[in-house]
Amino acid sequence: MDGTDGSRRPIDATVEVWVRATTSSAGVPGAAAPTAAGLDGLERERWSRLVDRRDATAYLVLHALARHEIGRLLGRPPASLRFDRTCPDCGRQHGAPRLLDDPGLYLSLSRTRAVVALALSRAGPLGVDVEAVDAVGFTGYDDVALHPDERPRGARELTDATTWVRKEAALKALGVGLRVDPATFATPAPGVPTEIVPGMPSVTVVDLDVPSAYAAAVALASAAGALAVRAH
């Protein structure tokens, strides 16, 4: 979101984003198809436990993509990259990944069975989320996802999927995930730094271009102003 009035104005933060279909080998540039060979032991173990072939394929495409792009940026072999995934609740290695080789490069991952998303930035902690529109059409969605002011159908300006991905991306950027109830805050407006959890940094959310059956958003914590999203 770096629209200008004809002159270049400073960009406070930039987020790099990759959105890929799992059925396309273009998900991992330079590779005919992603394989588990370049994953670490924890990634291979989690991948092997995914029973549904579509889930396993999406996991593989996303993690191969992340390793390829981060390796390219750092000038390192993708398989050599080391991640810490310590869960803040239990201490086990199943939380959001953090890059040990370059802690100043933040990353976030999200996947559905057909579309995956990767976000990278050096500007601060970030979160990305992609969801199928049909996935949020469940009974009770309003109670678990919407602030009371957002629940009247006639007052809604956003689709349920857009609301969900903006909220989840914002909570990922803050590092709290769904430990904070999405129904406790209103959906952030795009491009506007917003405090959604009292006492925590503000978050700037931007919607992403994805196929019409999906919705996606990326969020950056502590962005002081304009947020540029560079799609690849």
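Trainee: How many nonpolar, polar and charged residues make up the lining of the largest pocket?

Mentor: This is a predicted model, and in it the lining of the largest pocket has 22 nonpolar residues, ten polar ones and 14 charged ones. Gly is counted among the polar residues here.

Trainee: And how do I find such a space to begin with?

Mentor: The general idea is friendly enough: a probe the size of a water molecule is rolled over the atoms, and that shows where empty space is left. In this structure the largest pocket holds about 1,400 Å³ of space. Its lining takes in 46 residues. If you want to centre your view on the pocket, pick His 94, Gly 95, Ala 96, Pro 97 and Leu 109, the lining residues that lie nearest its centre.

Trainee: Which element supplies the largest share of that lining?

Mentor: Strand 3 does, with seven residues. Strand 3 spans 93-99. At least two lining residues each also come from helix 1 (41-48), helix 2 (53-74), strand 2 (83-86), strand 4 (106-111), strand 6 (126-132) and helix 4 (160-173).

Trainee: Let me step back to the whole chain. What pattern does the chain follow along the sequence?

Mentor: Read each letter as one element, in sequence order. Here the pattern is β-α-α-β-β-β-β-β-α-α-β-β-β, with four helices and nine strands in the chain.

Trainee: What share of the contacts with a separation of 6 or more joins residues 24 or more positions apart?

Mentor: For this chain the share is 56%. The accessible surface comes to about 11,400 Å², and carbon and sulfur atoms account for 53% of it.

Trainee: Now the charged side chains. How many salt bridges does a search of the whole structure find?

Mentor: The search finds 18. Take Glu 43 and Arg 85, whose closest N and O atoms are 3.1 Å apart. This pair links distant parts of the chain, since Glu 43 sits in helix 1 and Arg 85 in strand 2, 42 residues apart.

Trainee: Are Glu 43 and Arg 85 buried or exposed?

Mentor: Compare each relative accessible area with the cut-off of 20%, under which a residue is called buried. Glu 43 has 3%, so it is buried. Arg 85 has 8%, so it is buried too.

Trainee: What about Arg 166 and Asp 207?

Mentor: The closest N and O atoms of that salt bridge are 2.7 Å apart. It connects helix 4, which holds Arg 166, with strand 7 (residues 203-207), which holds Asp 207; the two residues are 41 apart. Arg 166 counts as buried at 6% relative accessibility, whereas Asp 207 counts as partly exposed at 33%.

Trainee: Which residues do salt bridges with shared partners join into one network?

Mentor: Asp 40, Glu 43, Arg 67 and Arg 85.

Definitions and conventions: Residues are numbered from 1 along each chain as its sequence is written. This is a predicted model: local features need pLDDT of at least 70, side-chain atom pairs count only at pLDDT 80 or more; totals for chains, interfaces and linings use all residues. Side-chain values use heavy atoms; hydrogens and water are left out. On a 1 Å grid over the protein atoms alone, a cavity is a set of points where a 1.4 Å probe fits but cannot get out, and a pocket is an open set with protein on both sides within 12 Å along at least five of seven lines; lining residues have an atom within 4 Å of a point. Grid points are joined across faces, edges and corners, and a volume is the space filled by probe spheres set on the points. Contact means heavy atoms within 4.5 Å. Accessible areas come from the Shrake-Rupley method with a 1.4 Å probe; for residues, only the protein chains shown count as cover. A salt bridge is a side-chain nitrogen of Lys or Arg within 4 Å of a carboxyl oxygen of Asp or Glu. Buried means under 20% relative accessible area, exposed over 50%, partly exposed in between (1.4 Å probe, protein chains only).
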